Amino acid sequence: MVAGNTLHLRVDRSLGHGVHDDYDVTNFGHEAVDVVLEISVESDFADLFDMKDHRLVRRGSLQTTWTEATSTLMSRYRNEAFTRALELVVDRNDSPPEYANGGVSFRIRPTSLESWHTCLLW
């Protein structure tokens, strides 16, 4: 159990040529803390007209792949000739990312007054 006011999570997001998320976890406690930070990743390529009509109609196929060597999560959508994709790259991470069950997770152990960092590039 981690005492209250021990860990601080900061998320900064910038938009430009895609989305850049910075995640920082700082331990303000007196001892190292073991934490698993999991970021859930879901993709929805819903049709705009279905959304406006408040209908959730599943069309086409959606496939997600994780490439461990490049820390890249790729979600591809195809409906007949229509295709789209979303690429998420884990960058500048202080611990290796893992992918399972739709989430990217990190096992982190910040010591006293230490910060941990990663970037997600969408």
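Biologist: Which residue stands opposite Ile 108 in β8?

Modeller: In this predicted model, the residue opposite Ile 108 of β8 is Val 35. As a general idea, strands of a sheet pair through backbone hydrogen bonds, in either a parallel or an antiparallel sense. Here β3 and strand β8 (residues 103–108) are antiparallel and are paired over six bridges.

Biologist: What is the order of the strands in the open sheet of three strands?

Modeller: The order is β3-β8-β7, and the pairing is antiparallel. β3 (35–40) and β7 (97–100) are the edge strands; each has a single partner strand, so one side of each lacks a neighbour in the sheet. Direction ignored, neighbouring strands of this sheet are turned by 30° against each other on average.

Biologist: Is Ser 105 buried or exposed?

Modeller: The idea is to compare the relative accessible area with a cut-off: a residue is called buried under 20% and exposed over 50%. Ser 105, which lies in strand β8, has a relative accessible area of 14% and is therefore buried. Its contacts, leaving aside neighbours within four places in sequence, are Val 36, Leu 37, Glu 38, Pro 96, Pro 97 and Glu 98.

Biologist: How many bridges join β1 to strand β2, and how many join β2 to β9?

Modeller: Ten bridges link β1 with the antiparallel strand β2 (residues 18–27), and Gly 16 is placed opposite Gly 18 in β2. Between β2 and β9, which also run antiparallel, there are seven bridges. In that pair, Thr 26 faces Ser 115 of β9. On the pairing of strand β6 (residues 82–91) with β9, there are three bridges in the antiparallel sense, and Asp 91 stands opposite Cys 119 in β9.

Biologist: Why is strand β9 described as largely enclosed by the rest of the structure?

Modeller: Of the seven residues of strand β9 (residues 115–121), five are buried, so the strand is largely enclosed by the rest of the structure.

Biologist: Is Gln 63 buried or exposed, and which residues does Gln 63 touch?

Modeller: Gln 63 belongs to strand β4 and, with a relative accessible area of 57%, is exposed. Not counting residues up to four places away in sequence, Gln 63 touches Met 74, Ser 75 and Arg 76. Sequence separation and spatial separation are read as two values: Gln 63 and Tyr 23 are 40 residues apart in sequence and 26 Å apart in space, C-alpha to C-alpha.

Biologist: What lines the largest pocket?

Modeller: The largest pocket holds about 300 Å³ of space. It is lined by 16 residues, and those closest to its centre are Asp 44, Phe 45, Ala 46, Val 57 and Arg 59. By class, the lining comprises eight nonpolar, two polar and six charged residues. At least two lining residues come from each of α1 (48–52) and β5 (72–79).

Terms used: Residues are numbered from 1 along each chain as its sequence is written. This is a predicted model: local features need pLDDT of at least 70, side-chain atom pairs count only at pLDDT 80 or more; totals for chains, interfaces and linings use all residues. Side-chain values use heavy atoms; hydrogens and water are left out. On a 1 Å grid over the protein atoms alone, a cavity is a set of points where a 1.4 Å probe fits but cannot get out, and a pocket is an open set with protein on both sides within 12 Å along at least five of seven lines; lining residues have an atom within 4 Å of a point. Grid points are joined across faces, edges and corners, and a volume is the space filled by probe spheres set on the points. Helices (H or I, at least four residues) and strands (E, at least two) are DSSP runs, numbered from the N terminus. Ala, Val, Leu, Ile, Met, Phe, Trp, Tyr, Cys and Pro count as nonpolar, Asp, Glu, Lys and Arg as charged, and the others, Gly among them, as polar. Two strands pair if DSSP finds at least two bridges between them. Axes are lines fitted to C-alpha atoms, for helices over the stretch in contact, and angles run from 0 to 180 degrees between N-to-C directions. Buried means under 20% relative accessible area, exposed over 50%, partly exposed in between (1.4 Å probe, protein chains only). Contact means heavy atoms within 4.5 Å.
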